[in-house]
Amino acid sequence: MDLNTIVEVKRPSSADDVRWRDGYAWLAGGTWLFSEPQVKTDTLIDLASLGWPSLSASAKGLDIAATCTIAELERFKTPADWKAGPLLRECCRALLASFKIWNAATVGGNVCMSLPASPMVSLAVALEAVFILWPRGAAPREVRAVDFVTGNHANVLRVGELLRNIHLPAEALGKTYAFRRASLTHLGRSAVLLIGTRSPGTGSMLLTVSAATACPVQLSFERVPSAQELRRALDAGIPEDLYFDDVHGSPAYRRHLTYYFGEQIRQELGR
């Protein structure tokens, strides 16, 4: 879509050069920005000019720049000892988009859209990510991925604040995992997306529920729970009104699949 309100595109060499005002918008992949009129926006600030390295692996884990494309993340070859490495590709493939979009859409853009079905949010929360945020005129701050999204298309970003980096810790990447997803159509938007991870050292388990709920919910267990323990945790952890309601699934449908897939994950990780 042509954005006929845009009068300038800025390409700064540093984010510190940007003096934020109303009418500005950060531009990464632009897959949402160019999908509908932006009547309150007159200036785009192109993040590509900042030249951030897309992916950086180290003994501490994986750092993903907000400008990393879905295609780059999907192609990334993880070390053999990162047992949860294949989860990166599974979450990329959960995105409702063609391969053409993959080459433009960014990980950070999908996170900042903060839709219930955003698979990059699901990935980040399940792998215990920490986000580095750059406010305007203030020091960078860290936010846990599980605390970032607050509701449908809502998050903790302040006006003009920029998501800079997504850090996936090596400890989380070394866990075993189980993945379940459902949509009403074969290539449709996720109605339910659940990810379970289990620590090889302690046996502790995390279950992340997303897409089914307006914001991700993560349940923590010291060990793989029994079926009854899991059900009680889901009852207590997800209020009825948190299940999302749209054309891709009713709350009752999403709730049913959450319990159904949760039990499958419990059994898979308990083997």
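A: Buried stands for a relative accessible area under 20%, exposed for over 50%, and partly exposed for anything in between (1.4 Å probe, protein chains only). The model is predicted, so local features need pLDDT of at least 70, side-chain atom pairs count only at pLDDT 80 or more, and totals for chains, interfaces and linings use all residues. Residues are numbered from 1 along each chain as its sequence is written, and side-chain values use heavy atoms, without hydrogens and water.

Q: Is Cys215 buried or exposed?
A: Cys215 is buried, at 16% relative accessibility.

Q: How many disulfides are there?
A: With a disulfide taken as a pair of cysteine sulfur atoms within 2.5 Å, the count is zero.

Q: Turning to the rings, how many aromatic pairs does the structure hold?
A: There are five aromatic pairs. Rings of Phe, Tyr and Trp (its six-membered ring) pair if their centres lie within 6.5 Å; planes under 30 degrees apart are stacked, over 60 edge-to-face, and the rest tilted.

Q: What kind of pair do Phe131 and Phe148 make?
A: Their centres are 5.1 Å apart and their planes at 85°, so the pair is edge-to-face. Phe131 is buried at 1% relative accessibility, and Phe148 is buried at 0%.

Q: And which residues form a cluster?
A: Ring pairs link Trp20, Tyr24 and Trp26 into a cluster.
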